[in-house]
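Hi everyone, thanks for coming. Please take a moment to look at the sequence and the model, and then I'll walk you through a few features.

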Amino acid sequence: RMLTLLPFLLLTGKANSHWHNRQGRILSTPGHKPSKNAAAAVTISSKNYARNSGEKKIIAYWEGYYEGDVKPYRLKEVPENIDYIPIAFIAPRALDGESANNASGWEFDQTFVYSKEEILSDIAEIKDRKKGQRVLLSLLDSPSCHWDQVNIPAFAKNIVSDARMHGIDGFDIDIESGMDETKFSAKFIELIKSIKDEDPNMIVTYVTMGDMRDEEILAETKHLIQHVTTMRYWDEQHDLFERYGKIVGFENVGVGVMTQVTPLETVSDIARYTASKGSKLMMLWSLTRDVHECSNERNGEWQNHISSEFKNSRTIFFNSNDKMATIANVQLYRPDQTKMEHVFSRRQGGCIHGPDMKLPVMGVPEGY
């Protein structure tokens, strides 16, 4: 079922990043739909990890590269009610004079349309709002520099130092890599621990499609991680929510949804279900897709669903000519409760290119 969606994901999912062309390998890896007993070995009491016990939060990614022919809006234009803003993506790289197998530097995705200076300036502007928004760097290695080619303690020292300098709040660890499989868990454990060793106040978050090695990694790092989010956008996810809720506490797990891929009625279902189970988080991939030119819906429609059904608040969106929409122009979405198949139509000039596709309704247990 997942493999049938691979061509669609390669066109519309995170695969649009030049680092994410390995998505097909991830999808075909056994173990991404674990048994109900998969997390039993590291099940803990959620009360020990109540890191997100306050108001509900929205995590939404900002992509700095084109989606098809649609240019992303500036980072500083992210709506004020987005609580965590991971910048996708940042990769390790070898600094001048370093060998390819001992890298300690980092860089923004080379396909970003905005310069490093513009992005850092936008981060400063977000901080000047004083709205409590947290900007994170989403870390994902690349085919030219996998994590097993990185001097991780030196990398952590460099990137944490730069983060402190520029007001960056922490790091989102994307559990995908083409590195040597035998080193996979050990390297992610080392990365998380090294960042926290450099600065215990740095936020570290963990995003996964349900990797079979997550239990091993989280057994060593769950006390260091702010929250876990899931990104199996095209399939039912309540099993993932239950799986990670037993490890880090349900309040610290956010189910991810994706513009164009997760039907809007399912976004609402997931929001209500996870909130009823105590979740304080919900994730969107991505802000820069959630515009009319990509989705053929109103600007911010996926954000609006999350805001209205999960946070019970309004979202202020930007319109297509980069001006802030007034609150009077924003309507709360109240979905029809009837479950129905969602049909994605061809988007001429938008972000979905290819034949019409029909995807299954995703989301929550029957009867909710």
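**A first look at the chain**

The chain exposes about 14,700 Å², and carbon and sulfur atoms supply 49% of that area; accessible areas come from the Shrake-Rupley method with a 1.4 Å probe, and for residues only the protein chains shown count as cover. Please keep in mind that this is a predicted model, where local features need pLDDT of at least 70, side-chain atom pairs count only at pLDDT 80 or more, and totals for chains, interfaces and linings use all residues. Residues are numbered from 1 along each chain as its sequence is written, and side-chain values use heavy atoms, with hydrogens and water left out.

Of the 368 residues in the chain, 58% are buried (under 20% relative accessible area, with exposed meaning over 50% and partly exposed in between, using a 1.4 Å probe and protein chains only). The chain has 10 helices and 12 strands; these are DSSP runs numbered from the N terminus, H or I of at least four residues for helices and E of at least two for strands.

Now, two helix pairs. Helix H5, residues 184–198, packs against helix H6, residues 214–221, at an angle of about 30 degrees, with axes 9 Å apart. Those axes are lines fitted to C-alpha atoms, for helices over the stretch in contact, and angles run from 0 to 180 degrees between N-to-C directions. H5 and H6 are therefore roughly parallel to each other (angles under 35 degrees; over 145 is roughly antiparallel, 65 to 115 roughly perpendicular and the rest oblique). Which residues of H5 meet H6? They are Phe-184, Ser-185, Phe-188, Ile-189, Ile-192 and Lys-193, and on the H6 side we find Glu-216, Ile-217, Glu-220 and Thr-221. Contact here means heavy atoms within 4.5 Å.

The other pair is helix H8, residues 264–276, and helix H10, residues 301–311, packed at an angle of about 30 degrees with their axes 9 Å apart. That makes H8 roughly parallel to H10. The contact includes Leu-264 and Val-267 of H8, and Trp-302 and Phe-310 of H10.

Let's finish with one residue. His-166 sits in helix H4, residues 152–166. Is His-166 buried or partly exposed? His-166 is partly exposed, because its relative accessible area is 28%. Leaving aside residues up to four places away in sequence, His-166 touches Leu-120 and Ile-123. His-166 and Ala-124 are 42 residues apart in sequence, and 7.3 Å apart in space, C-alpha to C-alpha.
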